[in-house]
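Thank you all for coming. Please have a look at the structure on the screen, and then I will take you through some of its contacts.

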Amino acid sequence: MSQITPEIVAEHGLSKDEYAIILDRLGREPNLVELGIFSVMWSEHCSYKSSRLHLKKLPTQAPWVICGPGENAGVIDIGEGPDGKGQAAIFKMESHNHPSYIEPYQGAATGVGGILRDVFTMGARPVANLNALRFGRPDHPKMKHLVSGVVAGIGGYGNCVGVPTVGGETNFHKAYDGNILVNAMTVGVADTDKIFYSAATGVGNPIVYVGSKTGRDGIHGATMASADFGENSEEKRPTVQVGDPFTEKLLIEACLELMATDAIVAIQDMGAAGLTSSSVEMASKGGAGIRLNMNKVPCREEGMTPYEMMLSESQERMLMVLKPGKEPMAEAIFRKWELDFAVIGEVTDTGHMVLEFNGEVVCDIPLGPLADDAPEYDRPSLSREDYQAWAKPGEVGEVPASADLGADLLKLMGSADLASRAWIWQQYDSQVGGDTLQLSGGDAAVVRVHGTHKALAMSTDCTPRYCYADPYEGGKQAIAEAYRNISAVGGTPLAVTNCLNFANPERPEIMAQFTGCLAGMGDACRALDFPIVSGNVSLYNESKATGGGSAILPTPAIGGVGLLDDYSKMATIAFKKEGDAIWLIGGETGHLGQSLWLRELHGREAGAPPPVDLAAERKHGEEVRALIKAQAVTAVHDISDGGLLVTLAEMALAGGIGAQLDMELDVAKAFGEDQGRYVVTAPAGVEIPAAQRIGTVGGSSVAGASLQALREANESFFKDWMEG
Amino acid sequence: MSFRGAVVTFPGSNCDRDMAVALEAVSGVPAIRVWHGDAELPANLDFIALPGGFSYGDYLRSGAMAARSTVMQSVIEAARRGVPVLGVCNGFQVLTEAGLLPGALMRNASQHFICRNVKLKVENSQSLFTAGYSAGQILNIPVAHHDGNYFADDATLDRLEGEGRVAFRYAETVNGSARDIAGVLNEAGNVLGMMPHPERAIEEALGSSDGRALFESAIRSLVEA
């Protein structure tokens, strides 16, 4: 074995102090295999060393939460299924930012593959995919390539595995020029008595490897995702994994078939850090030890070393602990689906991870230090006041009056952040499964729970410019908007997953963003009974590749999940009928700080973001859900980016009917982004309590902008950009 | 005698359950599920569906490997005996690769995957699959494919048109298909291949129920036969 030099330690992304801990815990120098294993387990990506301390403060409990953070995905109770058995929704969101910037198609595709495995590992059939995407300026020379690659990659993987991609969000901002964000979310449904966990137990139980063979791809992906980009990010292309959605589809079916039996003790997918993290996590959760014979690992090419096998991030692989004697039955299922199946080791009681290769022990590490003694940092952070002084969001000040609100509306509807995303979502199979009731073009996406009257409502949300200007209010707003979008279709918001994308945590201002957003999210989750059940942290999202140390905007992407008891009562945003009255719930204060109007019309990102009154948010959400349940309203849409007129224009375009407004409008009322608000329509003569009547459905324009012009503005952005 | 409809599953099929749900919704009888590796089809089938998806990952060419799987020999024999065979999306690709239908399905002209509801015109309302529609009727049916650009040489296209074997045509620009052809019949009229998904349009909650009549007319023709 080679001598471990300080250079080798540094190449593995370990600090001197961290290496000293390894020497102390082992009582000797590690060999290269052992060093590699420590390096990936202690990477930011796997150990959450900068974030763990703060994540512990998030609310994770509610009576309907079956399993919170710590497993592969979060699990919530969604009532009875068609056979009267209890059912659960299992979901998580995860980032694949760094690989997607380097190689957009495969980066995004394997992001989808990875999150799918996190969900079906737990026994759920995946029923919906969503994606939260952030790109740089559309006129950045690389951006067209990145957007087309990411969208094709998400479609290429999701379409093939047969899970509908039903929603998500896409934003553009120069802060992502050198570091795009690709966050993928999967939601699955399982029977509550068939949920699978990852703790390896039962000394002597066989450890089984299934799925694809192990190749040399993706070695050190987790370490890569834990450092910021240097100038030559293309050099890291070989660390990006290559996905095979066809194998994933077979793996889903084979795993679910085996899960219907009683053969599995524990199961875990091989995601970041591959065989290392799956085997270490399974053994340490079970308080057990593990012995693997590396000669048994199915390999794609000859001559692979244990080091390569342990660090490979080849896709579409799972690790299972089976009950003894079940191997032949399990093997028959995997062979039927033409997948590899190999018993590669067993559970032990040594508390050590022991790897053998060619009859020799090539690794012997106590599991305690690997998983539990991983470093944890309380990194320095700026105070709220110091952060404000650093971020300088400035004042909105006097804003010019608008000469023509309709012209402003047209400009907003054609802007990159508000333009129709049809170009994107038409590349995704959104309907496979035959249960898609609504895409997230309006508010939440809605997918029926197969064979029942229930449906899941899902939405991804975050407004990064708010988070930058005020991390605490921005964190609150991200949760509140998910709550609002689910309420707007008639769903009861139940729980959220998150994907916390931030820049370098070693900078105190970035830590201030992180802790501020988390504090806001925590308060909002508590106030709205909307706990966080799973999540992922992606740090070091900054890049020198585009010149300057450009950090991304703080982007804590939220994936909310809610439940409709009866999907036939689901609300949509489209205006239904001429003559219906238009009502505004939540009033207006005309908050223009950080509004899209200020940015798109006047080129300024200024002011404080709109504050979120959590009590009002909850009250208005409950009112709207009650109205939908009573079928008192004909259309519902929340007010978010772009304010009231954009909301009305979206409802008008969806229904093909205009709006005639009775209210006096000024810029602040038209485009202010005050929170906790909805527009609803109701048949004439129906009073909507605690709401303000603002107009009538009818005509073919909104605030002087014709529907035809609005549609052209809305649909031309992507067409002109991508096909022009 | 009750209806015996079968849905074939290839590795990578992903609309097999949806097809089985549609068949059961319309016929009232659960569909029989057939595995690609089965040497023989179940006896006395009234109807065979090849579903959408990505059989064998679309590797080589979409439908090419599935067309050579064990069960397809039996499907080809059944089709020659006159058993109705419906291939949707990847199933259509398999039927052309298996030689049961003429032509080929190339990459969409836009090069992109396309998923959306499209306007579909019924060209032939006399076949056992389309008797529930009237000629010229416009349907709202979803498409979801990357390789749906139908190609055949002019002589073949002329023959298909002349023999009334163009079942459906797109009534809008979709994927670059020759003469906007969306679905074709074999010479005997008992094999239909189409790119749009009628099984995704069987109830209004999903956005359209225009696909239902296709299954209804196929099943009715069998009951009346």
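This is a predicted model: local features need pLDDT of at least 70, side-chain atom pairs count only at pLDDT 80 or more; totals for chains, interfaces and linings use all residues.

Let me begin with Glu161(B), which is partly exposed, with a relative accessible area of 29%. Glu161(B) forms a salt bridge with Arg179(B), and the closest nitrogen and oxygen atoms of the two are 3.6 Å apart. The pair links distant parts of the chain, since Glu161(B) sits in helix α4 (residues 154–162) of chain B, while Arg179(B) sits in the loop between β9 (166–170) and β10 (181–185) of chain B, 18 residues apart. Arg179(B), at 32% relative accessibility, also counts as partly exposed.

Another salt bridge in chain B joins Arg165(B) to Glu163(B), with 2.8 Å between the closest N and O atoms.

Over all chains, a search of the whole structure finds 54 salt bridges.

Let me turn now to the place where the two chains meet. How many residues does each chain bring to the contact? Chain A gives 29 residues and chain B gives 26 residues, and between them the two chains bury about 2,200 Å², of which 57% is on carbon and sulfur atoms. On the side of chain A, the residues that lose the most area to chain B are Phe246(A), Gln426(A) and Gln431(A), which together make up 25% of what that side buries.

The rule finds three salt bridges between chain A and chain B, and in one salt bridge Glu203(B) pairs with Arg448(A), their closest N and O atoms being 2.7 Å apart. The count of residue pairs in polar contact between the two chains is twelve. If you want to find the chain A side on the screen, the elements that give two or more residues to it are α8 (143–161), α10 (245–259) and β14 (436–438) of chain A, and the largest share, four residues, comes from α10(A). The residues on that side divide into eleven nonpolar, ten polar and eight charged.

Aromatic rings come next, and the structure holds 23 aromatic pairs over all chains. One of them is formed by Trp337(A) and Trp35(B), an edge-to-face pair with 4.7 Å from centre to centre and 75° between the planes. Trp337(A) lies in the loop between α13 (327–336) and β11 (340–348) of chain A, and Trp35(B) lies in strand β2 of chain B, so the pair joins two chains. Trp337(A) counts as buried, at 9% relative accessibility.

A stacked pair is formed by Trp423(A) and Phe718(A), with 5.9 Å from centre to centre and 5° between the planes. Because Trp423(A) lies in helix α17 (residues 422–425) and Phe718(A) in helix α25 (residues 707–723) of chain A, this pair ties together parts that are 295 residues apart in sequence. Both residues are buried, and both belong to a cluster of linked ring pairs that includes Phe135(A), Phe172(A), Phe717(A) and Trp721(A).

In helix α2 (residues 70–81) of chain B, the buried residues include Val71(B), Met72(B), Val75(B) and Ile76(B), and the buried residues of α2(B) pack against several elements of chain B, among them β1 (5–9), β2 (32–35) and α3 (90–97). Just after α2(B), Gly82(B) takes a positive phi of about 105°. In chain A, Ser43(A) has its place in the loop between α3 (32–41) and α4 (44–47), where Ser43(A) is buried, with a relative accessible area of 5%, and the side chain of Ser43(A) reaches the backbone oxygen of Val40(A) at 2.8 Å.

Key. Residues are numbered from 1 along each chain as its sequence is written. Chains are lettered from A and ligands numbered from 1 in the order in which they are written. Side-chain values use heavy atoms; hydrogens and water are left out. Contact means heavy atoms within 4.5 Å. Buried area is the accessible area (1.4 Å probe) that two parts lose on being put together, summed over both. A salt bridge is a side-chain nitrogen of Lys or Arg within 4 Å of a carboxyl oxygen of Asp or Glu. A polar contact is a pair of N or O atoms within 3.5 Å; within protein, one must be able to donate a hydrogen and the other to accept it, and residues adjacent in sequence count only if both atoms are side-chain atoms. Ala, Val, Leu, Ile, Met, Phe, Trp, Tyr, Cys and Pro count as nonpolar, Asp, Glu, Lys and Arg as charged, and the others, Gly among them, as polar. Buried means under 20% relative accessible area, exposed over 50%, partly exposed in between (1.4 Å probe, protein chains only). Rings of Phe, Tyr and Trp (its six-membered ring) pair if their centres lie within 6.5 Å; planes under 30 degrees apart count as stacked, over 60 as edge-to-face and the rest as tilted.
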